[in-house]
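Me: I am new to this structure. Can you walk me through how to read it, one feature at a time?
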Amino acid sequence: MHQERYIRQTTLAGFGKQGQEKLSRAKVLVIGAGGLGVPVLTYLNAMGVGTIGIVDEDVVSLSNLHRQVLYDENDLGTPKVHAALNKLKVQNSNTNLVAHPVFLTVANALSIIEGYDVVVDASDNFPTRYLVNDACVLLKKPFVYGALHAYEGQVSVFNYQKGPTYRCLFPTMPKEDEVPNCNENGVLGIIPGIIGNLQALEVIKLITGVGSALSGQLLLFNGLHNSYQKIKFKCKPENLAITKLQDVYEWHTPCAVVPTITVDAIPNLLQNNAQIIDVRTPAEYENYHLPNSLHIPLNTLAANTAEIDFSVPVYLLCQSGKRSAIALKQLQSIHPKTSFFSILGGINQYLTTCS
């Protein structure tokens, strides 16, 4: 242990050299190297956690940079795991950094997680969260949870010392069309930093024993009002009694293949006056829309199909490609003979690559 590097921590009452030694022996897995994962990785690495594993298969994109401050413009197109490791090595060469350049799946979750003491869920989707929860219950590993929505965030600790699990708070996975995400609704860049740092703090507390962990408590943060609220919840013993992972963890939506096209095709569609249906909200459409596109919000689509000409191909567009895929499935079930296409990446991708 390098005494000078950590002297501000080792002189801290209640932490001391014993706390630092516990950090140096700890092994922490961070699932996701995005908005939440970046502050978690940065501070755990700086504070002297001995081994840090990183799970991610995404690459750095320009739209990441306003909140994922570990990366810069030179990292665009680089796998996040590799970019993160390069920066973290420079920050602290003593850390044992382990790259897992994959998405977490049923096939690899147990083998990856079992080698760590604490797991940080810094993912951005419900299927991964339920998979992380179940794997941690089976392996008896605590995990620190964080989530974001616009100007708000939440943090909790699950499966700690036989405490409540994620399923005790959220028993059932929601449907895909019930869930907002930052691709469509946005997120203020500083909010992931605040929530990720709160997650890192919980990890430090679990490892060293200082303070009290957020087990059985959900911490809610509102950035607009700078307010915090805690909600208590109890353990349901049946959620600790699982014996295996589920066969699959995915959205409860039909598994039919969704026909897609890329945003590169949009200029040609516009030139040929193709039928483009924009299923975003009125506010999103007013903010920016393609010329001559037909605006029918997803939540009113079923009631307004008369506005659509099903005798020609229909191209569906939203902010990120998620709602357009849902809209396609809805319309396809009504008019199976019509050619439907969901535009991959939506307006976000179009503005990034084609405008």
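Me: Let's start with one residue. In which loop is L188 found?

Reply: This is a predicted model, so keep that in mind throughout. L188 is found in the loop between α8 (182-185) and α9 (190-208).

Me: Is L188 buried, partly exposed or exposed?

Reply: Look at relative accessible area. Under 20% is buried, over 50% is exposed, and partly exposed lies in between. L188 has 43% relative accessibility, so it counts as partly exposed.

Me: Now H100. Where does it lie, and is it buried or exposed?

Reply: H100 lies in strand β3. Its relative accessible area is 16%, and the cut-off for buried is under 20%, so H100 is buried.

Me: Which residues is H100 in contact with, leaving aside its neighbours within four places in sequence?

Reply: H100 is in contact with L29, G53, I54, V55, D56, V81, I112 and Y116.

Me: On to sheets. What holds strands together?

Reply: Strands of a sheet pair through backbone hydrogen bonds, either parallel or antiparallel. Here, 8 strands form an open sheet with mixed pairing. The order is β3-β2-β1-β4-β5-β6-β7-β8.

Me: Which are the edge strands of that sheet?

Reply: They are β3 (96-100) and β8 (227-232), and each pairs on one side only. From one strand to the next, the twist averages 15 degrees.

Me: How many bridges join β4 to β5?

Reply: There are 3 bridges between β4 (residues 118-121) and β5 (residues 143-149), and the two strands run parallel.

Me: Which strands does helix α6 lie across?

Reply: Helix α6 (residues 126-139) lies across β1 (27-31), β4 and β5. It runs at about 170 degrees to β5.

Me: What is the order of the open sheet of 5 strands?

Reply: Its order is β9-β13-β12-β10-β11, and the pairing is parallel. β9 (260-261) and β11 (294-295) stand at the edges with a single partner strand each, so one side of each has no neighbour in the sheet.

Me: Which helix packs on this sheet?

Reply: Helix α12 (residues 322-334) does, touching β12 and β13 (340-343). Its direction makes about 170 degrees with that of β13.

Me: How many bridges pair β10 with β12?

Reply: β10 (residues 275-278) and β12 (residues 314-317) pair in the parallel sense over 4 bridges. In β12, V314 is the bridge partner of Q275.

Key
Residues are numbered from 1 along each chain as its sequence is written. This is a predicted model: local features need pLDDT of at least 70, side-chain atom pairs count only at pLDDT 80 or more; totals for chains, interfaces and linings use all residues. Side-chain values use heavy atoms; hydrogens and water are left out. Two strands pair if DSSP finds at least two bridges between them. Axes are lines fitted to C-alpha atoms, for helices over the stretch in contact, and angles run from 0 to 180 degrees between N-to-C directions. Contact means heavy atoms within 4.5 Å. Buried means under 20% relative accessible area, exposed over 50%, partly exposed in between (1.4 Å probe, protein chains only).
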